[in-house]
Amino acid sequence: MEDKILERVPHPWLLFRKVGDGRNQIFFDKRMIRQGKDGRNHVFFKKKMLTRGQSIKTHLSCCMEGWFFIMEYQGRCCLWNPVTGETIRLPLLGLKLKQNIYSCILSSPPGDPDSTILIFFLSDPSVMFCRVGDQQWTEQSLTGGDIESLCSPVCCNTKLYAIAFIDHRVELVGIDLNYGEGHLAFHLHGTLPSPKDCSSCTRSYLVESCGEIFVIYLVHGGKEYLEVTGIEVFKFDFLLMEWREVESIRDRVFFVDERAAYSYRAVKPETEGNRIYFTLNDRSLYSFHMQDNTVSVSLPFPDLKSPWTSPVWVMPSCSYRSSPTVDGETKHEIDGVNLDINSERIKDIVLYAECHDENAQETCRLCELPLDMLSSIARCLTFHDYISFRLLDRACRSVAPPIRIKELARNSELPWLIFCKKGQDECKLIDPLRQESYLMNNPNKSNEVRMCYSKHGWCLMLQGDGAVYLWNPFTKKTIPLPESPHGPRPCRLIIGCEFLSSPDSSNCILVLVCDLVAYTSFDYINIELGTWESDVMFDWTDLKVTQNNNPVLCNGDVCFLDLKGTLMVFKPDDSVWEVQSPFHSSHHQSFLLEANGKLLAVFLGFMGKWLKVFEFDFSDTIWVEVDNVGCKTLYISRISSFAATATREEMKNVVCVPRFYEDKLVYYCLSSRKWHCYGSNVVLDDLYNTKEQLYSGWFVPS
């Protein structure tokens, strides 16, 4: 195939590459959101093929504004711009045996006479650099100083910064290029913030955006840490020399791949801001919406199979400008590409403002309707419209009495989702049927609270690193728990929790599973007596655990499912059963729950391509697959999983997950072996093109 040059477009591109063969590459023009023929919003991709003349054997990394550093063979390397097709040869790079390139960066575009490329290595205390046009590389060892290794370099306001690892600390470091002396100088700017959502596997990325530096944390969990269970963003304040968490990046969009992160400003209407697009090692494209804390997933090219790799981002160099035209209108351009902004939409907004008084007159006429008609209207309104309706006038309030969220939840046909992210001082209750949310303050109005578990209308909350207590969101009642027998710090990594009855009832036993780094502990407490017992501990070689693997109390036994799917049953006589998973390694997620005295396990394949339910036979100590759970609905999530009697025929013999498709709740029907959408005829083969609500669990008010 002949070489094709990518157009200069104001969009990032995705690049896929074959393992061991760099001559065949695919680029995708990322067109964020457009409306399809069916009226729904869809993600569209524009595919292009490009062929390089030489193979890329070892490394390919985007280092600045569309320029890629390519490591080929026998030390041959170059800079390559897929937009212009330009290639710049670099000196031969002689690497040592253990020097694996992790990331690189250009200090400025190659046209700058002082443009320098810096290369950072994985687990090697050195940096290699050279100016574009030089005849050899300079290697600078980090040994003997405080810095052990560097990664995630960025260029901000003509200065270079990176993440430095220093004696179990992670700091922001500034890098000065001393051309005259031929070496690099490093200046520390303080410790990076710790992510609030704890995990033993967290990836961090620096990104420059509009003259500011951000750090993005991707918190991983699940089996082999292949899932992203949380995302946090912090911004560095150069004036105060401190990091501050941000809940919104407004009109900016961050793009993250395996090695680096980039920023773009959302300009075109179909490009949505306040999102983080990222890739994992599965050729999928993920999108994190910072406002509602959801992760959407799509598959840009379903026919792309192995040995094609996970994609990286191509960031073309684009400069935005606007200028007035002859007729007085404003012309918007990016690198000479005209942006066709729909002026009719702007006129619609003006017309809406002009007719505002007319709408007020319509409101007055509405309030003149008979009270029985107003009452009928009120009964058909959603919660937020109902509140607005009550605010119209006294007559509307008389036919629409105040409504309590607790009664809404109790009368709902499905359990609700409760959302609580550490770092926010509010919890959110989500009605999955109406896709409406209701905010309430965290107990103590603290932003250092994380929800670990929910059951029987109660939530187990962790405040800071050690304070553990139970909270009922509707009654506002809290039950403090005594300090863990392992001290306050270990509670920072609570893996799971279980209690058999409501915590405010007599003789309620609570089981807490904590990750103590060297081993995993199972702690028991009688809430009424307030005393902890810790007599079950396993080291990491025996039990593979991660956050949000909740145990189950079933017929007096404490049951726990580890990442491999191995079932651990702790008997009252202190004996322990260990039952192997019905799968070897094919499942992606696993959940354990109890239903009418039966112990059930739900196993999911990657992206929900398959789902199986098993019942544990205690007499023969084996798993038995079941394809019918009768009139039950199984609700599974990382924070809570349980079975409930279905109130509608549609919801019998199904498994509900905290995911949505076009604002419709997604569930798996065990009869049809397909994914369905509540209140819709849509049928899905897998969970692509759905969005997951992070930091959430199923909740039934008590």
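Predicted model: local features only at pLDDT ≥ 70, side-chain atom pairs only at ≥ 80, totals over all residues.
1. Strand 1 itself, residues 13-18, is mostly covered, with five of its six residues buried.

2. Now to the charged side chains. Side chains of opposite charge can pair when their charged atoms come close. Searching the whole structure gives 16 salt bridges, and a few of them are worth a look on your screen.

3. Take Asp-114 and Arg-131, which form a salt bridge with their closest N and O atoms 3.1 Å apart. Asp-114 sits in the loop between strand 8 (100-106) and strand 9 (116-122), while Arg-131 belongs to strand 10 (residues 126-131), so this pair ties together parts 17 residues apart in sequence. Asp-114 counts as partly exposed because its relative accessibility is 34%. Arg-131 is also partly exposed, at 28%.

4. How far apart in the chain are Arg-252 and Glu-212? Their side chains meet in a salt bridge of 2.9 Å, N to O, and the pair links distant parts of the chain, 40 residues apart. Arg-252 lies in strand 20 (residues 252-256) and Glu-212 in strand 17 (residues 212-221). Here the two partners fall into separate accessibility classes, and the cut-off for buried is under 20%: Arg-252, at 13% relative accessibility, counts as buried, whereas Glu-212, at 22%, is partly exposed.

5. Lys-609 is in the loop between strand 45 (598-604) and strand 46 (611-617), and Asp-686 is in the loop between strand 53 (683-684) and strand 54 (691-693). These are distant parts of the chain, 77 residues apart.

6. Finally, please have a look at the group formed by Glu-227, Arg-638, Arg-659 and Glu-692. These four residues are linked in a network of salt bridges.

How values were computed
Residues numbered from 1 in each chain as written. Heavy atoms only, no water. Buried < 20%, exposed > 50% of the residue type's maximum accessible area, 1.4 Å probe, protein only. Helix = DSSP H or I, 4+ residues; strand = E, 2+ residues; numbered from the N terminus.
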